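Me: I would like to go through the terms used for this structure and see what each label rests on. Please set the values against the cut-offs.

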Amino acid sequence: MVMKMKRLLLLLKPLTVSLPPSHSPPQILQFLENRRKVHHDAINFCQAILQKKSVEWKAVLRNNLSPPINDVDLVVTVGGDGTLLQASHSLDDKIPVLGVNSDPTLIDEVEQFSSEFDATRSTGHLCAATVENFEQVLDGILEGQFLPSELTRTIISVNALHLSTYALNDILVAHPCPASLSRFSFRIKEGDKPCSPLVNCRSSGLRVSTAAGSTAAMHSAGGFPMPILSRDLQYMTREPISSGAASDLMHGLIKHDQTLVATWTCRKGVIYIDGSHINHAIQDGDIIEISSRAPVLKVILPHHLL
């Protein structure tokens with residue numbers, strides 16, 4: 001079945017790079033300039049391919065995006081996981097997204113510069129295309145050979161009011177100062193029925209990830225990668241203090257029909273959604289509910305993830 005796609009949005013990571021101090025070694029400055037050029041060439045390449053196709057399209061820098069995205073049939077992001085992540089915050093469950101990793105990490109390059117600086121770029125975990133195969137993947141989408149997968153997202157409510165942004169990767173509930181203690185209690189519920197005992201916790205925060213986000217910070221902290229299409233969520237209390245008998249409850253799953261309900265008992269707190277840029281302040285007594293009942297995100301995934 002050929003997908004009826006007439007309008008396409010090309011969402012672009014900006015060309016600017018964060019420059020180090022002027023006294024930095026020349027090889028670092030040259031490396032960053034090379035990164036800018038590679039990304040610029042990738043943008044031009046993708047635009048040239050689109051000009052050959054029978055679709056209407058427009059290019060927008062991600063910094064200039066005005067959500068929601070609702071007037072196109074497909075979103076193509078050119079950058080890395082961060083650009084796809086930003087697009088996801090403006091998409092419902094109807095418009096699919098294809099990620100193009102504009103500058104994949106080269107292992108030889110990382111090894112070459114390992115004694116001087118970190119040459120690693122975006123992982124591009126959810127990006128199904130690079131400049132090497134963009135036209136092939138795009139044609140496969142337009143011809144109906146490549147269909148989007150439905151990725152679980154997290155919905156968060158505070159005092160029964162839903163936050164407007166759904167998390168594709170993970171959320172972190174913590175004190176705004178990373179050196180301060182976070183106090184909260186939580187339990188898992190299915191409807192109004194408790195599925196776990198109440199856990200009173202002193203720690204450095206609570207992280208909840210989707211399957212898509214389980215290979216990122218959650219995995220680094222000792223969690224486990226989940227099947228990419230899982231509807232469950234994974235939670236972990238960060239650095240719990242004296243967990244004692246409740247230690248087995250500090251890390252686990254929130255099934256697709258369950259909700260994690262937490263009560264915040266610090267004077268200040270923040271819910272960070274997919275990183276630090278999107279956040280919501282909370283205070284003592286706030287009740288936070290976290291589940292996977294958010295609208296899914298349709299993503300053209302790399303074959304190795306399926």
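Reply: The turns below take the labels one by one.

Me: What kind of model is this, and how are residues numbered?

Reply: The model is predicted: local features need pLDDT of at least 70 and side-chain atom pairs count only at pLDDT 80 or more, while totals for chains, interfaces and linings use all residues. Residues are numbered from 1 along each chain as its sequence is written, and side-chain values use heavy atoms, with hydrogens and water left out.

Me: What makes Asp274 buried or exposed?

Reply: Its relative accessible area is 12%. Buried means under 20%, exposed over 50%, and partly exposed in between, with a 1.4 Å probe and protein chains only. Asp274 is therefore called buried.

Me: And which label does Asn159 get?

Reply: Asn159 has a relative accessible area of 39% and is therefore partly exposed. Asn159 is found in the loop between β6 (155-158) and β7 (161-162), and has a positive phi of about 55 degrees although it is not a glycine.

Me: What is the side chain of His89 to Asp274, then?

Reply: The two side chains make a polar contact at 2.7 Å. That term means a pair of N or O atoms within 3.5 Å; within protein, one must be able to donate a hydrogen and the other to accept it, and residues adjacent in sequence count only if both atoms are side-chain atoms. Contact in general means heavy atoms within 4.5 Å. Leaving out residues up to four places away in sequence, Asp274 touches Leu85, His89, Tyr166, Ala167, Leu168, Asn169 and Asp170.

Me: Where does Asp274 sit in the fold?

Reply: Asp274 is in the loop between β16 and β17. These strands form a hairpin with four residues between them, where Asp274 takes a positive phi near 55 degrees.

Me: Why are β16 and β17 called paired?

Reply: Two strands pair if DSSP finds at least two bridges between them. Strands (E, at least two residues) and helices (H or I, at least four) are DSSP runs, numbered from the N terminus. β16 and β17 have six bridges and pair in the antiparallel sense; Gly269 stands opposite Ile282 in β17. Four bridges join β8 (residues 170-174) to β16 (residues 268-273), also antiparallel, and Ala174 has Val270 as its bridge partner in β16.

Me: What makes β14 and β17 edge strands?

Reply: Six strands form an open sheet in the order β14-β13-β12-β8-β16-β17, with antiparallel pairing. β14 (251-254) and β17 (278-283) each have a single partner strand, so one side of each is left without a neighbour in the sheet.

Me: Why is β16 called mostly covered?

Reply: Five of its six residues are buried.

Me: What makes the Pro67 to Pro68 peptide bond cis?

Reply: Its omega is near 0 degrees. Pro68 lies in the loop between β2 (56-61) and β3 (74-79).
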